[in-house]
Amino acid sequence: MTAQATKQQQLADILALAPVVPVVIIDELAHAVPMARALVAGGIRAIEVTLRTPVALDAIRAIASEVEGAVVGVGTVLDGQQLEAARVAGARFAVSPGVSPKLLDAADASALPLLPGVATAGEAMSLLERGYKHLKLFPAVPVGGTKLLGAWASPLPQIRFCPTGGISLASAPDFLALPNVACVGGSWLTPKDKLQVGDWAGIEQLAREAAALR
Ligand code: 3PG
């Protein structure tokens with residue numbers, strides 16, 4: 001098996017853990033562990049912590065070492081340095097909003113599987129050439145949502161997508177019904193107001209609803 005094939009198998013396993021991958025913005029490091037425990041208790045194990053706040057890497061480190069059952073990933077990865085820092089912190093997968101040649105070279109050299117964002121068939125074809133079989137459609141709803149994914153299913157049958165951006169509990173089933181959708185991403189499981197007040201039971205309930213989507 002090539003290194004890329006191994007990483008694609010790891011991604012397939014991670015994306016199969018639940019129908020939804022929560023996309024999380026952590027403002028307070030102290031929120032990371034109880035939030036992840038609530039998600040796991042609700043049946044959501046793969047968790048994408050975005051690199052959008054200063055505490056994000058520490059949050060990944062804390063979840064990786066303290067939350068049994070969690071498979072923590074890093075989101076909003078823009079370059080190879082971030083990829084490596086997240087791998088060292090304990091991330092098991094990485095997600096990027098788009099692709100750049102430098103990021104893809106760094107991902108080839110890294111053991112961390114990357115789920116790269118695409119919005120066009122040309123980007124998807126370039127990634128297929130590099131051995132990618134799992135891609136994020138981003139931002140899913142603005143670029144065409146279920147209609148776009150439905151149109152790509154026949155010409156690009158090798159690719160499984162995790163559409164992210166603009167998806168809700170109500171619209172997720174339409175995406176999950178498509179043959180080329182592995183799971184969806186979304187921020188609705190970890191709303192800022194629930195994080196701020198430490199409403200872990202509320203987050204567990206949102207996770208439970210998301211986990212029951214399939
Ligand atoms: C993001 O950019 O934060 C993710 O794509 C999540 O998007 P959402 O908030 O529309 O779920």
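**Ground rules.** I am working with a predicted model, where local features need pLDDT of at least 70, side-chain atom pairs count only at pLDDT 80 or more, and totals for chains, interfaces and linings use all residues. I number residues from 1 along each chain as its sequence is written, and side-chain values use heavy atoms, with hydrogens and water left out.

**Entry 1: H2 and H3.** I began with two helices, taking helices (H or I, at least four residues) and strands (E, at least two) as DSSP runs numbered from the N terminus. The axes of H2 and H3 come within 9 Å and cross at roughly 40°. Axes here are lines fitted to C-alpha atoms, for helices over the stretch in contact, and angles run from 0 to 180 degrees between N-to-C directions. H2 and H3 are therefore oblique to each other; angles under 35 degrees count as roughly parallel, over 145 as roughly antiparallel, 65 to 115 as roughly perpendicular and the rest as oblique. I noted a right-handed crossing for H2 and H3; that is, the near helix is turned clockwise from the far one by less than a right angle. Leu29, Ala32, Val33, Met35, Ala36 and Arg37 of H2 meet Asp58, Ala59, Ala62, Ile63 and Glu66 of H3, where contact means heavy atoms within 4.5 Å. I sorted the residues of this contact into eight nonpolar, no polar and three charged. For that, Ala, Val, Leu, Ile, Met, Phe, Trp, Tyr, Cys and Pro count as nonpolar, Asp, Glu, Lys and Arg as charged, and the others, Gly among them, as polar.

**Entry 2: H2 and H11.** I stayed with H2 (residues 29–41), whose axis comes within 7 Å of that of H11 (residues 200–211), crossing at roughly 40°. That makes H2 oblique to H11. The crossing is right-handed. From H2, I listed His31, Pro34, Met35, Ala38, Leu39 and Ala41; from H11, Trp200, Ile203, Glu204, Ala207 and Arg208. The residues of this contact come out as eight nonpolar, one polar and two charged.

**Entry 3: H3 and H4.** Next I looked at H3 (residues 56–66) beside H4 (residues 80–89): their axes come within 8 Å and cross at roughly 30°. H3 and H4 are therefore roughly parallel to each other. Their crossing is right-handed. Leu57, Ile60, Arg61 and Ala64 of H3 meet Ala85, Ala86 and Ala89 of H4. That contact has six nonpolar, no polar and one charged residues.

**Entry 4: the ligand.** Which residues are around the ligand? I found Val23, Arg52, Phe138, Thr164, Gly165, Gly166, Gly186 and Ser187, each with a heavy atom within 4 Å of it. I then checked distances to oxygen atoms of the ligand. A side-chain N or O atom of Arg52 is 3.0 Å from one, a backbone N or O atom of Gly166 is 2.6 Å from one, and a polar side-chain atom of Ser187 is 2.5 Å from one.

**Entry 5: backbone details.** Most residues other than glycine have a negative phi, and most peptide bonds are trans. I therefore made a note of two places. The Phe138 to Pro139 peptide bond is cis, with omega near -15°, and Pro139 sits in the loop between strand E7 (134–137) and helix H7 (140–143). Thr76 is not a glycine, yet has a positive phi of about 60°; I found Thr76 in the loop between strand E3 (71–75) and H4.

Methods. A polar contact is a pair of N or O atoms within 3.5 Å; within protein, one must be able to donate a hydrogen and the other to accept it, and residues adjacent in sequence count only if both atoms are side-chain atoms.
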